[in-house]
Amino acid sequence: MARSERAFRDGRGRRGVAVGAALLLGAAVAQAAAFKAVLLVPADDARLDRTRVERAYFGHPTGPATDGVQVALKEAKLELESAGASMAVETVEVGSPADAKAAAQKAEKAGAVALLADLPADWLLAAVDAVKLPVLNLSAADDRLRQQDCRPSLLHVAPSERMRADALAQSLVSRKWMNVLLLTGPSPADAVRGAAAQAAIKRYGLKLSGAKPFKLSGDPRERDLANPLLLTQGGHDVVWVVDSDGEFARMLPYRTATPRPVIGDAGLTALAWHAQYDRFGAPQVSRRFTRTAQRPMSAADWSAWMGGKALAAAAVAAPKGPAAAVQKALVDGELDGSKGVAMRFRPWDGQMRQTMLLTDGQGVIGTAPVDGVLHPKNALDTLGGDAPEKLCKARS
């Protein structure tokens, strides 16, 4: 046989193998189990108003949750295809608790295996109570959702207020800054979050040297309630500010009556994520997100990313279904969030165990649980409600 003829036939054979492999891959993709979920978000989200996003208050979102979810699914695409599965997430805007309920029911009827929610607490509960699907809470930090208003099907990716407060309290103990002045804002959310701060102060043996209200107001009679020099008089090691709005807190550091550090909603805060975290593959995660979303990865973005990642991992664990198998894998699965620990949902309140990052907004200066804080089973359970407290009766 002539050399040119052999070359022709060998080439044709290789092309045939390649075409066959492509056909087999195409058939596998065509037969892949196609799972779907729905992400519920507020319509006309006031948190994403341009003026608020530009201020970049600690712990506030700087972009839509859809971005984080889609980045996670994009990263998991190859693994999903290898397992013979796919996961698609549709974003649905809702304008009220009733809308959230209707959207959740529609998603369940359409065959969704789970819901993700970036919603206020009452809207979230309306959606959860309307369906039997597992619901991943991506943003609501309210402790009541892990306590008296918990639900068996509600899983929390976002850390709770108590987890953030416990992380800060541990940090204070480690530095021996034991005397705390607590400044709390005027909103109902501030009152609830202030109570969480006081609970953390008590839990870790700190001393509350004073608790004062502040208020930003145009009323001349209330001017003293917004004066940092007057509010921070007295003896204390640190000023803890609770400001859900964020405007007063951002003006507090370096304006105290005595040279004292500020923590809470300014100065040093505890967050699920910061774009400057530089361990455990975190820089690569932040870079991938920034390339896609064209903004730094915030704590809210990390929670959305983890929600998408949890869905993808569940589909990989149960690629052939049925939906119940995917849902069980979602509840029981172990996840890597590039924070150096294996993360799972706690059985007693649905909260995802996770490390908290301590940041001043410029970089990450530490993590919690801090070294030396002990727990009989898992140090991560020193953050937030622990099992013996039995705060969630629906899961007891």
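Trainee: How many contacts beyond four places in sequence does the model have for residues 16-30?

Mentor: This is a predicted model, and pLDDT stays under 50 over residues 16-30. Where pLDDT is low, the predicted coordinates should not be read in detail.

Trainee: What percentage of the residues of the protein count as buried?

Mentor: The protein has 13 helices and 14 strands, and its C-alpha trace spans about 100 × 50 × 45 Å along the principal axes. Among contacts with a separation of 6 or more, 68% are between residues 24 or more positions apart. Of the 396 residues, the share that counts as buried is 47%.

Trainee: Leaving aside neighbours within four places in sequence, with which residues is Met87 in contact?

Mentor: Met87 is among the core residues that touch the most other members. Once its neighbours within four places in sequence are set aside, the contacts of Met87 are Phe35, Lys36, Ala37, Leu73, Leu80, Val113, Leu311 and Ala315.

Trainee: How many residues does the second, separate core have?

Mentor: Leu168, Leu172, Ala368 and Val373 are included in this second core. Its number of residues is 25.

Trainee: Is Ser303 buried or exposed?

Mentor: Ser303 lies in helix α12. Beyond four places in sequence, Ser303 is in contact with Leu138, Val157, Ala158 and Pro159. Its relative accessible area is 3%, and the limit for a buried residue is under 20%, so Ser303 is buried.

Trainee: Is the crossing of α3 and α11 right-handed or left-handed?

Mentor: The axes of these two helices come within 10 Å and cross at roughly 115 degrees. In handedness, the crossing of α3 and α11 is right-handed.

Trainee: How many charged residues does the contact of α3 with α11 have?

Mentor: From α3 come Asp67, Gly68, Val71, Lys74 and Glu75, and from α11 come Arg288, Phe289, Thr292 and Ala293. By class, 3 are nonpolar and 2 are polar, while the number of charged residues is 4.

Trainee: How far apart in space are Met251 and Trp302, C-alpha to C-alpha?

Mentor: Met251 is in the loop between α10 (247-250) and β9 (262-264). Its relative accessibility is 31%, which means that Met251 counts as partly exposed. In sequence, Met251 and Trp302 are 51 residues apart. From C-alpha to C-alpha, their separation in space is 27 Å.

Trainee: Which residue does a cis peptide bond join to Pro322?

Mentor: Pro322 is placed in the loop between α12 and α13. Omega of the cis bond is about -5 degrees, and the residue joined to Pro322 is Gly321.

Trainee: What is omega for the cis peptide bond between Ala368 and Pro369?

Mentor: Pro369 belongs to the segment after β14 (364-368), and Ala368 is one of the residues of the second core. For the cis bond that joins Ala368 and Pro369, omega is about 10 degrees.

Trainee: Is Tyr254 buried or exposed?

Mentor: Tyr254 sits in the loop between α10 and β9. Its phi is near 70 degrees, a positive value in a residue other than glycine. The relative accessible area is 86%, and over 50% is required, so Tyr254 is exposed.

Definitions and conventions
Residues are numbered from 1 along each chain as its sequence is written. This is a predicted model: local features need pLDDT of at least 70, side-chain atom pairs count only at pLDDT 80 or more; totals for chains, interfaces and linings use all residues. Side-chain values use heavy atoms; hydrogens and water are left out. A nonpolar core is a set of buried Ala, Val, Leu, Ile, Met, Phe, Trp, Tyr and Cys residues joined through side-chain atoms within 4.5 Å. Buried means under 20% relative accessible area, exposed over 50%, partly exposed in between (1.4 Å probe, protein chains only). Contact means heavy atoms within 4.5 Å. Helices (H or I, at least four residues) and strands (E, at least two) are DSSP runs, numbered from the N terminus. pLDDT is the predictor's confidence in each residue, from 0 to 100. Axes are lines fitted to C-alpha atoms, for helices over the stretch in contact, and angles run from 0 to 180 degrees between N-to-C directions. A crossing is left-handed if the near helix is turned anticlockwise from the far one by less than a right angle, and right-handed if clockwise. Ala, Val, Leu, Ile, Met, Phe, Trp, Tyr, Cys and Pro count as nonpolar, Asp, Glu, Lys and Arg as charged, and the others, Gly among them, as polar.
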